[in-house]
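Please look through the sequence and the model first.

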Amino acid sequence: MSYALWYWTGIPGRGEFVRLPLEAAAIPYEEKTWQREGDAALVKDLARPRIDPPFAPPYIVTEDGLVVSQTANILLYLGERHPQIAPRELAGRHWVHQLQLTLMDLVAESHDVHHPVGVDLYYEDQKPEAARRAEGFRGRRIPKFLDYFERVLVQRGAWLAGGSHWSYADLSLFHVVEGLCFAFPRRMAVLRPDFKRVWALRDTVEALPELQTYLASERRLPFSDGLFRHYPELDGEG
């Protein structure tokens, strides 16, 4: 089965959480905005009349026309059909789905650091509020989330779902850690020694043979003005 993946061009964003397992498991897919006229094609496709319209990207379209949106929901759907990216048993699939939802909470909080008042405003319009939000996010929220995943790895072993093989949740944690290191390099450098298992997972995912071609390609987009943004004034060691 092949999939059409729709997401904005130029940023990894939430689309990257879908790309990573598709790439690592060699599941055929086509990035539609790269094959056509970019974001204009996405806007046009979003406006198409559908009985199952997506609210926003990312979303995938299956060969038989099923539209699946919302990042964690897409990954749950893919995991049910491709056992190489999620556990085969029901309990295991819902466990990695739970982990993914928790990661998406962390992603949302990270985004809200630089847009604490409204997503329709520029960062420059909410800098005082962003500075206040960043202090709490750096000092309390990042450690709280990382501690959770560290504890899971203590219980489960090298991978979040246990066993000897990665799941899409592991790839997502890798991407989140990368994003946080881009946005808050000083803070993450301070936290790294306290979360050795999380960083070991990050390093292991980066070294996966099945990801090397993708990570070295131009399709692996750099962080910029997406979910994770680096404003030096929002970073700090504490």
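**Strands and cores**

In strand β1 (residues 3–6), Tyr3 and Leu5 point one way and Ala4 and Trp6 the other way, and all are buried (under 20% relative accessible area, with a 1.4 Å probe and protein chains only). Strands (E, at least two residues) and helices (H or I, at least four) are DSSP runs, numbered from the N terminus. This is a predicted model: local features need pLDDT of at least 70, side-chain atom pairs count only at pLDDT 80 or more, and totals for chains, interfaces and linings use all residues. Residues are numbered from 1 along each chain as its sequence is written, and side-chain values use heavy atoms, leaving out hydrogens and water.

**Strand pairing**

- β1 pairs with strand β2 (residues 29–31) in the parallel sense over 3 bridges; two strands pair if DSSP finds at least two bridges between them.
- β1 and strand β3 (residues 59–61) run antiparallel, joined by 3 bridges.
- Trp6 has Tyr59 in β3 as its bridge partner.

**Nonpolar cores**

- The largest nonpolar core has 65 residues, and Ile60, Leu78, Leu160, Leu180, Met188 and Val198 have the most contacts inside it; a nonpolar core is a set of buried Ala, Val, Leu, Ile, Met, Phe, Trp, Tyr and Cys residues joined through side-chain atoms within 4.5 Å.
- Elements that each supply at least two residues of this core include β1, α1, α5 (90–114) and α6 (127–156).
- Another core, of 7 residues, lies apart from it, with Ala4, Ala41, Tyr59 and Val61 among them.

Terms used:
Buried < 20%, exposed > 50% of the residue type's maximum accessible area, 1.4 Å probe, protein only.
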